[in-house]
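User: Could you take one buried spot in this model and go over it closely? After that, carry on into the rest of the fold and tell me how it is put together.

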Amino acid sequence: MHAASVLQSVLAPAGPQAAHIARLWWLMFWVATAVFVIVSAFVVGAIVWKRTEPRRDDVLRVAVTLGVAATVVTLFVLLVASVWTGRAVASLGASSTVTIELTGHQWWWEAVYDDGTPSQRFRTANELHIPVGRPVVLKVTSHDVIHSFWVPNLHGKRDLIPGYTTAIWLQADTPGIYRGQCAEFCGLQHARMALYVTAESNDAFERWRMNQRREAVQPTTDNARLGRDVFLRSTCTQCHTIRGTIAGGAMGPDLTHLATRGTIAAGTLPNTRGHLAGWILDSQSAKPGNQMPPNSLPAGDLQLLLTYLETLK
Amino acid sequence: MRTELVLIAAMAVAVCGCKRETRTFRESPPASMASDVAVSDLHPGGGNPPARSISPYEQNAWALNEGKRLFSAYNCSGCHANGGGGMGPALIDDEWSYGHEADQIYRTILEGRPNGMPAWRGKIPDAQIWQLAAYIRSMSGLAPKDAAPSRSDHMNGPPPENAAPRMIPKNAGTPPAAER
């Protein structure tokens, strides 16, 4: 996942909600520009052409009335446009949806893909995949403090409130990778709380979803097997889950399919062997204050562990 | 004018005493020094019991709060129920089966105790066990009052830890077996 191919812009809408918001943004931009130009013209005019005759109250009354009327009409137009955009953004057909339960944590995103069949639900982190052209329902909440979900190319902001679940709809019409960002200050690493949304064809999405539903692949090489043992006997299992093993911690991101993700630590680092090693040993140097403690593993164990983690496709 | 100047000078001196609490994210645990922990005052041969280790985290609000967060994150509440006790003993009262000192609590968490307390050695990093020990002491008012973890998120919780009544530990240091 490279920076160049990832979009994060309100002005490049990739779906109907973002398009409504972009239209409203442009309307406000042009109205504000017009107001600025007109007001500036009057100020310049007043400076250049000084009044020569005495002030006349009847002219003043007309001028003030016109000014107030123009302001009220402009604000009313913007109000109507804003309310209309709000309504348009909130309405989307509910047929054939994908439901994702998104929970904000300090400082990462937990996503559960809902399904009518409980065994088909699965948990992942920091990366969402959505099918193009199908509405997606996001049920958002928070685990600790208030966060805010904001993928500018797809929708506006929605706060994630602890103890309270709200739902928003969105839809992507253009395939691509869109970057989201926590938009409500949530603590020390607020800035390093990114979320990548991959919008892809329905087939690609279903393939991805089928794979995510599976339990973690069993290691096939000796090194990977030993690496799994390192994982299972260390502190990792207190917070992380790898489905298909006894590791079932729920405090940190689910690692069942870690190797399919492009980044680690909520978009902080690319998911490469070296970065992963640094993160495991001393995550506090990359993201001070995050809840992963430093781990001192012997070099051999660390290499085995990395080999195992890299097999988690 | 003179009085004001004196007052300002006094305030300036007082401000010099302010210290910003440090948050150490990369913890080096207070050594695994608790290798020699006495759970009772009884000592064979009449010698002195080993010196107490004090948790450096008791005076640090952030570390106390980490202890509080981990207390629910690691599901200590599953047995100890926010300190009120359930399957496991209460932690907000004055009874300590295996000692109320920080190093004794550390040892209890690290090695487990009979009849239910599992051993967490190798599962919880050392520094976090010390943070938990500091928080557990604050639950019954044994930690200093000037540092407090943040408020509880659940409704109708117990009083804040730094307002908890100080429970003088009963039979401090004497395990029940020694009383018989």
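Analyst: Let's start with Arg137(B), which sits in helix 5 (residues 126-139) of chain B. Helices here are DSSP runs of H or I with at least four residues, strands are E runs of at least two, and both are numbered from the N terminus. Arg137(B) has a relative accessible area of 10%, so it counts as buried; the cut-offs are under 20% for buried and over 50% for exposed, with partly exposed in between (1.4 Å probe, protein chains only). Leaving aside residues up to four places away in sequence, Arg137(B) touches Glu58(B), His100(B), Glu101(B), Ala102(B), Ile105(B), Leu142(B) and Ala143(B). A contact here means heavy atoms within 4.5 Å.

Some ground rules before going on. This is a predicted model, where local features need pLDDT of at least 70 and side-chain atom pairs count only at pLDDT 80 or more, while totals for chains, interfaces and linings use all residues. Residues are numbered from 1 along each chain as its sequence is written, chains are lettered from A and ligands numbered from 1 in the order in which they are written, and side-chain values use heavy atoms, with hydrogens and water left out.

Zooming out, chain B has six helices and zero strands, giving α-α-α-α-α-α from the N terminus on. Of its 180 residues, 40% are buried. Among chain B contacts with a separation of 6 or more, 69% link residues 24 or more positions apart.

Over in chain A there are six helices and 13 strands. Its radius of gyration is 26 Å, well over the 20 Å that the globule rule gives for 313 residues, so chain A is more spread out than a compact globule. (That radius is taken over C-alpha atoms, and the rule is 2.2 Å times the number of residues to the power 0.38.) The C-alpha trace of chain A spans about 95 × 45 × 35 Å along its principal axes, and 45% of the chain's residues are buried.

Now the sheet. Four strands of chain A form an open, mixed sheet in the order 1-10-11-5; two strands pair if DSSP finds at least two bridges between them. Strand 1 (6-7) and strand 5 (127-131) of chain A are at the edges with a single partner strand each, so each has one side without a neighbour in the sheet. Strand 10 (residues 176-181) and strand 11 (residues 194-200) of chain A pair antiparallel over six bridges, and Gly176(A) stands opposite Ala199(A) in strand 11 of chain A. Helix 3 (residues 202-213) of chain A lies across strand 5 and strand 11, at about 135° to strand 5 of chain A. Back in strand 1 of chain A you'll find Val6(A), which counts as buried at 14% relative accessibility.

Last, a helix pair: helix 4 (residues 222-233) and helix 6 (residues 299-310) of chain A have axes that come within 7 Å and cross at roughly 105°. That makes the two helices of chain A roughly perpendicular, a label for 65 to 115 degrees, with under 35 roughly parallel, over 145 roughly antiparallel and the rest oblique. Axes are lines fitted to C-alpha atoms, for helices over the stretch in contact, and angles run from 0 to 180 degrees between N-to-C directions. Helix 4 of chain A contributes residues including Leu226(A), Val230(A) and Phe231(A), while helix 6 of chain A brings in Leu304(A), Leu305(A) and Tyr308(A), among others. The residues of this contact split into eight nonpolar, three polar and three charged, where Ala, Val, Leu, Ile, Met, Phe, Trp, Tyr, Cys and Pro are nonpolar, Asp, Glu, Lys and Arg charged, and the others, Gly among them, polar.
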